[in-house]
Amino acid sequence: MKYRLDNAKEKLESAKLLLDAGKYRDSIGRSYYSIFTAVRAVLASDKVDFSKHSGVIAYFQKEYIKTEKFDVKYSRYLQTAFQIRNSCDYDDFFIASKQDAEEQYSRATEFYNEVHNYLFNFKQG
């Protein structure tokens, strides 16, 4: 769990470096992977993992969003990040704006902080 959360933090830091360097598509990708890895840290607390992104996301939605352990906005953050990351990686003519990258980085930062607080204040305390 801690390893994955540390990994999510590293991806978040990379997203910021890429954002500052004007590499918006790659920054968006790192922001998504920060969120995704933070979700996997939550799943590790349940001793659960999946080989596909869809499995990780579905489990998080079912066990953490629908049960209101996390606010529904984090479901939107995850889904939006997944969609825009796919566009950045697979759509040849998708243009990622600075605004897109800043928004994704901001959401990834909020998501990371929420997961960190959940894991270390609620699960442990």
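**Close-up views of the aromatic cluster and nonpolar cores**

**View 1. The aromatic cluster.** A single aromatic cluster is formed by Phe60, Tyr64, Phe70, Tyr74, Tyr77, Phe111 and Tyr118. The model is predicted: local features need pLDDT of at least 70, side-chain atom pairs count only at pLDDT 80 or more, and totals for chains, interfaces and linings use all residues. Residues are numbered from 1 along each chain as its sequence is written, and side-chain values use heavy atoms, leaving out hydrogens and water.

**View 2. Ring pairs of Phe70.** The structure holds 14 aromatic pairs (Phe, Tyr or Trp rings, the six-membered one for Trp, with centres within 6.5 Å; planes under 30 degrees apart are stacked, over 60 edge-to-face, the rest tilted). Tyr64 and Phe70 pair edge-to-face, at 6.0 Å centre to centre and 65° between the planes. Phe70 and Tyr118 form a tilted pair, with 4.9 Å between centres and 50° between planes. Phe70 lies in the loop between H3 and H4 and Tyr118 in helix H5, so this pair ties together parts 48 residues apart in sequence (helices are DSSP runs of H or I, at least four residues, numbered from the N terminus).

**View 3. Surroundings of Tyr64.** Tyr64 counts as buried at 1% relative accessibility (buried: under 20% relative accessible area, 1.4 Å probe, protein chains only). Lys69 lies over the face of Tyr64, 5.0 Å from the ring centre (NZ of Lys within 6 Å of the centre and within 35 degrees of the ring normal).

**View 4. The largest nonpolar core.** This core has 29 residues, and Phe60, Phe70, Phe111 and Val115 have the most contacts inside it (buried Ala, Val, Leu, Ile, Met, Phe, Trp, Tyr and Cys joined through side-chain atoms within 4.5 Å). Helix H2 gives the most to this core, with eight residues.

Technical notes. Buried < 20%, exposed > 50% of the residue type's maximum accessible area, 1.4 Å probe, protein only. Helix = DSSP H or I, 4+ residues; strand = E, 2+ residues; numbered from the N terminus.
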